[in-house]
Number of protein chains: 4
Amino acid sequence: MIVVMQRGATQAQLGEVVRRVEELGFRAHVSQGEERTIVGIIGDERPLAAEPLEALDGVEQVLPILQPFKLASRDFRSANTVVSLNGVKIGGREIVVIAGPCAVESREQIRETAYAVREAGARVLRGGAFKPRTSPYSFQGLGREGLELLHEAAEEVGLPVVTEVMSPADVELVGEHAQMLQIGTRNMLNYSLLHAVGRSGRPTLLKRGFSSTIQELLMAAEYILSNRNYNLVLCERGIRTFETATRNTLDINAVPVLKQLTHLPVIVDPSHATGKWQYVGAAARAAVAAGADGLIVEVHPHPERALSDGAQSLKPEAFVKLMAELRRVAEAVDRTL
Amino acid sequence: MIVVMQRGATQAQLGEVVRRVEELGFRAHVSQGEERTIVGIIGDERPLAAEPLEALDGVEQVLPILQPFKLASRDFRSANTVVSLNGVKIGGREIVVIAGPCAVESREQIRETAYAVREAGARVLRGGAFKPRTSPYSFQGLGREGLELLHEAAEEVGLPVVTEVMSPADVELVGEHAQMLQIGTRNMLNYSLLHAVGRSGRPTLLKRGFSSTIQELLMAAEYILSNRNYNLVLCERGIRTFETATRNTLDINAVPVLKQLTHLPVIVDPSHATGKWQYVGAAARAAVAAGADGLIVEVHPHPERALSDGAQSLKPEAFVKLMAELRRVAEAVDRTL
Amino acid sequence: MIVVMQRGATQAQLGEVVRRVEELGFRAHVSQGEERTIVGIIGDERPLAAEPLEALDGVEQVLPILQPFKLASRDFRSANTVVSLNGVKIGGREIVVIAGPCAVESREQIRETAYAVREAGARVLRGGAFKPRTSPYSFQGLGREGLELLHEAAEEVGLPVVTEVMSPADVELVGEHAQMLQIGTRNMLNYSLLHAVGRSGRPTLLKRGFSSTIQELLMAAEYILSNRNYNLVLCERGIRTFETATRNTLDINAVPVLKQLTHLPVIVDPSHATGKWQYVGAAARAAVAAGADGLIVEVHPHPERALSDGAQSLKPEAFVKLMAELRRVAEAVDRTL
Amino acid sequence: MIVVMQRGATQAQLGEVVRRVEELGFRAHVSQGEERTIVGIIGDERPLAAEPLEALDGVEQVLPILQPFKLASRDFRSANTVVSLNGVKIGGREIVVIAGPCAVESREQIRETAYAVREAGARVLRGGAFKPRTSPYSFQGLGREGLELLHEAAEEVGLPVVTEVMSPADVELVGEHAQMLQIGTRNMLNYSLLHAVGRSGRPTLLKRGFSSTIQELLMAAEYILSNRNYNLVLCERGIRTFETATRNTLDINAVPVLKQLTHLPVIVDPSHATGKWQYVGAAARAAVAAGADGLIVEVHPHPERALSDGAQSLKPEAFVKLMAELRRVAEAVDRTL
């Protein structure tokens, strides 16, 4: 960490900074430049992040040198982490496609979809039982009944399941019905939930907050990892920008950035990242070409009747076509699918 | 709601849209323009929001006509709502200042601050016991002990208290120690928490998500109001933009926009909105001049030793000076403080 | 265009809106809903865009129905436009790679790069002579001399050239040395320049403003097209968001959106879109997979000595490797490269 | 400037960084920390900004220590700059209000507005003759004729004039008709224009780019100042964010930030910053309370007939009322108006 003093800061102010740094158990290294004096702090600065050195008189700014996450970093673990769901491995050479409806709506709907996506080559089934919705007047999911229908359909077709958990109190219940817990974009900063999911030890899919930086995503991951749960997969699902032609902006750059910074697997959600089924294919192909370890795609047998996210859901026949395209792109980047 | 058909949409596609709209219990009004055909949907469109009409073939876009919130709107209640905390009224002619430290750190710290802010004219005491922190390695608050210290100090100086609640399971506990529950910016979309706080019926301060639109803030309010809890105050606390000179960008426009759209009181948090104590005064004066009903300001007796948010906390003497300035601005806009 | 009246708007206010619409030469179609009255405007609304109907009393909002661009739209021309530079065709089945240094720095540097990129398979040479720089103290380009060196090197290796023009006064000069004019991201809204380039009739590469929407990009294109210059290629080069891990955020969604909305060719600049050479490969592969018609890539023989954009420039050997990867991805999406 | 080496960077890589820094004429100061080795660069780093040290092998990141602007900084000139237009002083104790229509439309319109705004207390007249418009099909301004009408009206009422210049070629012409040149938000990064206006020596109003950081605004100012033109006023006019309830988001924080960083006067444009006349008053009052040195407000005698920006223009009677409110707020912050 580097403390930059204001032009004209006094020796007394400088002394106070040094004293405070040392009081906190670090060594301070003063360097008098022509334009500014700076104080370098020697040691692992992470516990210092919270220390309000900026509030000391005469300080202009404080620059961190290290990334604030540890367990998620390649410094901590250089080899890729592989997360396994009933034998399906995420983070290896195979690109894993997760597919299914936004929400579980009925036994028939989830069964029909489960068969269709398995047939097309999906390796994991998705489906929401607890649905976070912008409006309290919108369909909120079938809850426990939805979990049961999802579980039943998944067993029948032989796929593991991922589904969202919205509250610490539901972690156990959801864990009984699904092989993987999903933390949705709105809950990436819900620390009670991060801790609860971390403590459960269950495989987890952590979606990036729609306005969270890559660093913040890794800090949220750190909450789960610090509970000794390393069964963690990260998901880029589009961020909020000024562009309104699409529901979100897919931050495709996040794929190589994350692959460089962390050992955790990284998948992409092209459905939320675009918000329109017409663009899902292009976004999915881009994700595979950029190096993603998997995809999570919304598929619905009758999008125009879907109780949520109809506009961005692929029909089963469109999903079949997409899978064929993705296989070709995967091969072009030396992966399988 | 207006459905705009694609150029070249067929009569069959148009018929399907009309049929679907009618099936959902609405009347459809077709209007053939020179460039596009549009279908107007007659009736309260809000329950329709979730219907994926965009997924129907031949549809170009769907335009909502009405704001999606009801109970929060001036259509529903035209007069200003006033929320009362032990006789302190938020939403009336008086501008109410809430002040205190970011986090409760010790009995001495919260007592010292409570006396100082009351002396300066604050009407409500703030202080965090459960702290949402970006890093799992940062101070996370004193929890239950913090609540007790806060409660004790507030009783001693005779001020009501507002403090954050982060989990549905804590609503009751926090409610026993505080007159007002705060839902923080990271939890604005935590629907389990919104419902729990709504059901509690307790006075609530709902902070805008740092990347949520004004409309989304009002939809989050709708979650609380739909639980028949009208003791609700909204708080603009800065949004995330590309600007990095400040921690957030204070969306001062949100004040008149919210005052126009909703009957709920609107306050501003100039501490988080700027992130640097040097700018808090300007932001606070601006908020009062723009029509805010109150302020929530971070004050700490020793910011350079604060366990969180030191850089944006005012020292007691700076807060006294600010209160004097704010009184003059309040008078200039025909308010008291 | 749909005019939505306020709840409680009077008949007189409604009458005034209708009268004003008709005065402007359009027909108005009034529809009284249960919650709001709306006025539909029949006819090509585009010239109306500027009319401040929102300023009329009783009007709540005005919703456009049509996209505001005409000549750039698929409505106007459904087949893909192909732009030809000395026989190199942009917009056809072949994906065209443009490569070269950010800035022309010396005869040797541009010659060395020109040979290297041609060898690797680039079809067009890029290089800046007039450089827009954030700081007046940074290298501003060699100007006319740079143009001459660029022209000379391009002739020698037999590639057409694209280079930026920053001022209407330079359009002719630049046009004498380059087959294609580039309008940079900072000048996308420089209307004097758009007109001048449009009038020149020369092939043009229009880069998206770093904070411009896709619709605004198409409106800027409209300025050029309305001067009857259809030799126009659009370029997505990253947008400004809250994310700071990369210089810009590549809006990969813009590729399928633009391909749907416009007949103009669309290329991607992975160098500016990421800002770090380590991420250029992933972004470039993603662009090809998403359907881009070409790429513009920064290559420099000695990035660590580059006078601008060193951090995002590929060395020639990395570029050779990237081209091999891109060929495989191109084939996977049925294109050549 | 601080160069942070990667974990595991070799001594050879470190040596290469030091060699390169010294080659560029600076002294390098190496500091081996426990987690990272850093190289401090001693001296005025600004000319280095362009050097791509990040491209050197083994470098993780490069952190600047100094603000990149010089002449605009308080380091360079600590006292406030005051810009004078025919005796009207911007940057002193008086808050100066500039008012007038978005565009000059006719002799009658500009005359009527000029009388009205002078009567209400405006000290400078604004009006556009060259209008940058998103659509080539919108009204583009009256050009030279508009300048003449504006000049004539201003002379008649005895106010100085500010009007936009869009092209270097027009600087002289506009300068003959106006006391102050305006560089609009779309042209903040138009360096040819910045240089031309700088060379003219004329009083200039530089509007912040709608997606430019405060630092970039000061770098644009630096272009003008480096041409020895210190008659410069900066204008915050709203930035682009995800919020769509208003046309732009007024970055009110920018006022205290700019007043701290620079000696140049800072004014606010509440009309563009909100985009709706209903919110202009709140934004204007906030700007004065936050410490702005002036305002630029759009006023039109018949907004519903305005050829541009009707929705955000105040009628003369609303402007009179606003001026009365602003006088009270100005007094409350010890300013006059």
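**Figure 1. Helix H9 of chain A against helix H9 of chain C.** In this predicted model, H9(A) and H9(C) are roughly antiparallel to each other, because their angle falls in the class set for that word (under 35 degrees counts as roughly parallel, over 145 as roughly antiparallel, 65 to 115 as roughly perpendicular and the rest as oblique). Helix H9 of chain A, residues 277-290, packs on H9(C) at an angle of about 150 degrees, and the two axes lie 7 Å apart. Here an axis is a line fitted to C-alpha atoms, for helices over the stretch in contact, and an angle runs from 0 to 180 degrees between N-to-C directions. Helices (H or I, at least four residues) and strands (E, at least two) are DSSP runs, numbered from the N terminus. H9(A) and H9(C) cross in a right-handed manner; a crossing is left-handed if the near helix is turned anticlockwise from the far one by less than a right angle, and right-handed if clockwise. From H9(A), the residues A:Ala282, A:Arg285, A:Ala286, A:Val288, A:Ala289 and A:Ala290 meet C:Ala282, C:Arg285, C:Ala286, C:Val288, C:Ala289 and C:Ala290 of H9(C). Two residues are in contact if their C-beta atoms, placed from the backbone, lie within 7 Å. The contact of H9(A) with H9(C) comprises ten nonpolar, no polar and two charged residues. In this classification Ala, Val, Leu, Ile, Met, Phe, Trp, Tyr, Cys and Pro count as nonpolar, Asp, Glu, Lys and Arg as charged, and the others, Gly among them, as polar.

Residues are numbered from 1 along each chain as its sequence is written, while chains are lettered from A and ligands numbered from 1 in the order in which they are written. Because the model is predicted, local features need pLDDT of at least 70 and side-chain atom pairs count only at pLDDT 80 or more, whereas totals for chains, interfaces and linings use all residues.

**Figure 2. The rotation axis between chain C and chain A.** Chain C is superposed on chain A by a rotation of 180 degrees with 0.0 Å of shift along the axis, giving an RMSD of 0.0 Å. The two copies are thus related as by a two-fold rotation axis. In chain C, the C-alpha nearest the axis belongs to C:Ala286, at 2.0 Å from it. Both copies use the same surface, since 100% of the contact residues of chain C recur in chain A. Copies are superposed by least squares on the C-alpha atoms of residues with pLDDT of at least 70 in both.

**Figure 3. The side of chain C that touches chain A.** Chain C and chain A each give 36 residues to their contact. On the side of chain C, at least two residues come from each of helix H6 (214-225), helix H7 (254-261), helix H9 (277-290) and helix H10 (316-332). H9(C) provides the largest share of this side, nine residues. The side of chain C that touches chain A has 19 nonpolar, twelve polar and five charged residues.

**Figure 4. Helix H9 beside helix H10 within chain A.** H9(A) packs on helix H10 of chain A, residues 316-332, at an angle of about 20 degrees, with the axes 9 Å apart. H9(A) and H10(A) are therefore roughly parallel to each other. The crossing of H9(A) and H10(A) is right-handed. On H9(A) the contact residues include A:Trp277, A:Gly281 and A:Arg285, and on H10(A) they include A:Leu322, A:Glu325 and A:Val329. Nine nonpolar, one polar and two charged residues form the contact of H9(A) with H10(A).

**Figure 5. Helix H7 of chain B across helix H9 of chain D.** H7(B) passes H9(D) in a right-handed crossing. B:Val255, B:Pro256, B:Val257 and B:Gln260 of H7(B) make the contact with D:Gln278, D:Tyr279 and D:Ala282 of H9(D). That contact has five nonpolar, two polar and no charged residues.

**Figure 6. The contact of chain A with chain D.** The contact takes 21 residues from each of chain A and chain D. Strand S1 (2-5), strand S2 (27-32) and strand S3 (37-42) of chain A each supply at least two residues of the side that touches chain D. S3(A) gives the most, with three residues.
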